[in-house]
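Colleague: I would like to learn how to read a protein model feature by feature. Could you take me through one slowly, giving the general idea before each case?

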Amino acid sequence: MLRRAFSVVYTEMKLTFLKTAVVVSVGLLGALSLNASAQAVAKWRVAVAELQLSDALSPSAAKTVQQSSLRTDIEDAIRNGRKFEVVTRNASKMAAIRKEQQFAQSGLAAGDAAASGQMSNAQSLVVVEVQDFSFGRSSNKVPNIENKYRISDHASIELNVQIIDTSKGTMTGSFNVSASASSGTRISNSVGTASRDILDKALDRAAADLANQLSDTIFPITVIQAKGKQLYVNRGKDGGLKVGDLFVIFQPGEALIDPTTGENLGSAEEEVGLGKVVRVNPKFTVVEVTKGDAALMGPGFILRRSVSK
């Protein structure tokens, strides 16, 4: 009887131990899985520096740019592309974060705000110089009709963008951005002032173009699979691609190493063909080879936007 009771107790203890082991194992596996997932989705961190204004801008143009939403538009466009993590360097936002950190350290809060000195640093700094800018309304009096004017609004902007590696302080890429927007001509009873909507459209277009070129500079459009004359590339709807876009296709070569410094200068690229976007999906895009031997193209080949369409 005693032996049977001991056997029952032993069996129950064994089952409890096994259940506990399973729970612990599942917990550990879950933690490892979450950690691995967190590492897998880590994104390249970028920050947009304060806008730089060319001396060529008029005082009124410089003031309009400074008061505009351009910097915020650029940050939003980069963030919406889902390729990067954007860390703010906006002075007012940084001050608000610092204030929240101080509150967290006061003992009045849970204290789970980012600790002082523990905020994420940017791996790349996006430096934007506004080289040209115009915004206004043109008007002409309608002949022989009193108080009637033909008016139209316009806005245009040109940017020079430099990408700085914050760990080395070196420039890793640069490109230019230009965008414009205009309204149609309409009849008005007065001249008035230009519509802010036109300015917003031009700034949105400039920000979107900047975000796309930034992505292409740091993460080139790359072939992930090839089937017949169709190449599947690692850009989707969030990459600014649309059906009909034209690309030059390159085969990457061996890495070019500076014999003096040992620095990797990139790789030699050979142009091997042309392609045209035929389908855009949420996460990838299909490009059809229009020139070149598609059979020789495969994963790792690089696509760069064609200058002319």
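Predicted model: local features only at pLDDT ≥ 70, side-chain atom pairs only at ≥ 80, totals over all residues.

Modeller: Let us begin with the words helix and strand, which here mean DSSP runs, of at least four residues for helices (H or I) and at least two for strands (E), numbered from the N terminus. Residues are numbered from 1 along each chain as its sequence is written, and side-chain values use heavy atoms, with hydrogens and water left out.

Colleague: How many helices and strands does the protein chain have?

Modeller: The protein chain has 5 helices and 13 strands.

Colleague: Is Ala62 buried or exposed?

Modeller: A residue is called buried under 20% relative accessible area, exposed over 50%, and partly exposed in between, using a 1.4 Å probe and protein chains only. Ala62 has 15% relative accessibility and therefore counts as buried. By contrast, Thr193, which sits in the loop between E7 and H5, is exposed because its relative accessible area is 65%. Over the protein chain, buried residues make up 31% of the 309 residues.

Colleague: Which residues is Ala62 in contact with, leaving aside its neighbours within four places in sequence?

Modeller: Contact means heavy atoms within 4.5 Å. By that rule, and with those neighbours within four places left aside, Ala62 is in contact with Leu53 and Leu57.

Colleague: How should I read the length of a helix, and what span should helix H5 have?

Modeller: The expected span is 1.5 Å times one less than the number of residues in the helix. Helix H5 covers residues 196-218, and because its 23 residues at 1.5 Å each should span 33 Å, the 33 Å between its end C-alpha atoms agrees with the expectation.

Colleague: Which strands pair with E5?

Modeller: Two strands are said to pair if DSSP finds at least two bridges between them. Strand E4 (residues 124-141) and strand E5 (residues 149-165) are antiparallel and share 17 bridges, with Asp132 and Glu158 as bridge partners. E5 is also joined by 12 bridges to strand E6 (residues 170-182), again running antiparallel, and Ala155 has Ala181 as its partner in E6. E5 and E6 form a hairpin with 4 residues between them, and Gly169 in the turn has a positive phi of about 75°.

Colleague: What is the idea behind a nonpolar core, and which residues of the largest one touch the most other members?

Modeller: In soluble globular proteins, nonpolar side chains tend to be buried together. A nonpolar core is a set of buried Ala, Val, Leu, Ile, Met, Phe, Trp, Tyr and Cys residues joined through side-chain atoms within 4.5 Å. The largest has 34 residues, of which Ile78, Val126, Ile157, Leu159, Val161 and Leu210 touch the most other members. H5 gives the largest share of this core, 9 residues. Apart from its neighbours within four places in sequence, Ile78 is in contact with Val46, Val48, Phe84, Val86, Leu210, Ala211 and Leu214. A second, separate core of 15 residues includes Val277, Val287, Met297 and Phe301.

Colleague: How many aromatic pairs does the structure hold?

Modeller: A pair of aromatic rings is described by the distance of the centres and the angle of the planes. Rings of Phe, Tyr and Trp (its six-membered ring) pair if their centres lie within 6.5 Å, and planes under 30 degrees apart count as stacked, over 60 as edge-to-face and the rest as tilted. The structure holds 2 aromatic pairs. For Tyr232 and Phe284 the ring centres are 5.8 Å apart and the planes are at 45°, so this pair is tilted. Tyr232 is buried, at 14% relative accessible area, whereas Phe284 is partly exposed, at 29%.
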